[in-house]
Amino acid sequence: MTGPWRATVLTLYPEMFPGPLGVSLSGDALARAVWALEMRNIRDHGEGRHKRVDDTPAGGGAGMVLRADILAAALDAAAPADDPRPRLLMSPRGAPLTQARVRALAAGPGVVLLCGRFEGVDQRVIDARGLEEVSIGDYVLSGGEIPAMVLIDACVRLLPGVMGKEESGAEESFEGGLLEYPHYTRPREWEGRAIPEVLLSGNHAAIARWRRAEAERLTRERRPDLLPARKPREE
Ligand code: SAH
């Protein structure tokens, strides 16, 4: 054991954390030191009396850009060059986060996450420090903190000992390339709606077949893009 999975977050707003990560599954796991959260305030590396971290965009335009030299100083202090963890920049321009990527990150030593604000960050720090840009979806938020929480939450729930065996995540949405089948629990009938008979049959093979068929149906209806491309039929 080489220590817990470790997330280091660089932000102008460390007080936002642990926030939602401090409750339920992730909060319990944090308290049990299954994972560790280290906050770094970018402002600590700001310049002058006012600890400036940003400046106006070269070339003109609205908003402010986080300075490369300030961010590099914050990154180098938080994660020395030999830190094996991937350095990710939360960014709407990044590769969209997937469950496969989350699994890979959760299997590693942790992550170093840089949260942007304002218009974003100077391109040169992305290039010079080899930051990998990661997006949580095709919409724009006001800062990288919530995206960082999303990424950490998705990883932490997969760490050994966070979810019980039963909820190991193996059958969840995206895991088999499909969306998950529908769930039901008591009462057996509610507002005239019954639980599908097969789920009460005790026939485990039939239940597994039904769930598989429902997962395929939902994926076809809602997310056909997840299904493997069908080979063109030969005439
Ligand atoms: N001007 C930028 C958006 C800046 S939003 C653009 O058009 O691409 C400010 C910060 O919020 C970003 O630097 C990034 O860290 C974060 N952010 C916003 N939307 C995000 C998303 N969908 N995924 C990940 N990070 C996001």
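A residue is called buried under 20% relative accessible area, exposed over 50%, and partly exposed in between. Keep that scale for the first stop. This is a predicted model.

Stop 1: Select Tyr139. It sits in the loop between β8 and α5 (145-156). Is Tyr139 buried, partly exposed or exposed? Its relative accessible area is 45%, so Tyr139 counts as partly exposed.

**Stop 2: the largest pocket.** Select Met90, Ser91, Pro92, Glu119 and Gly120. Of the 25 residues that line the largest pocket, these lie nearest its centre. The space inside is about 440 Å³. Next, colour by element. β5 (87-96), β7 (120-121), α4 (123-128) and β8 (132-135) each give two or more residues to this lining. Which element has the largest share of the lining? β5 does, with five residues. Then colour by class: the lining has 12 nonpolar, nine polar and four charged residues.

**Stop 3: the second largest pocket.** Its volume is about 320 Å³. Keep the class colours on. Here the lining divides into seven nonpolar, two polar and three charged residues.

Note on methods: Residues numbered from 1 in each chain as written. Predicted model: local features only at pLDDT ≥ 70, side-chain atom pairs only at ≥ 80, totals over all residues. Heavy atoms only, no water. 1 Å grid on protein atoms, 1.4 Å probe; cavity = no way out; pocket = protein on both sides within 12 Å on 5 of 7 lines; lining within 4 Å. Points joined across faces, edges and corners; volume = space filled by probe spheres on them. Helix = DSSP H or I, 4+ residues; strand = E, 2+ residues; numbered from the N terminus. Nonpolar A, V, L, I, M, F, W, Y, C, P; charged D, E, K, R; others polar. Buried < 20%, exposed > 50% of the residue type's maximum accessible area, 1.4 Å probe, protein only.
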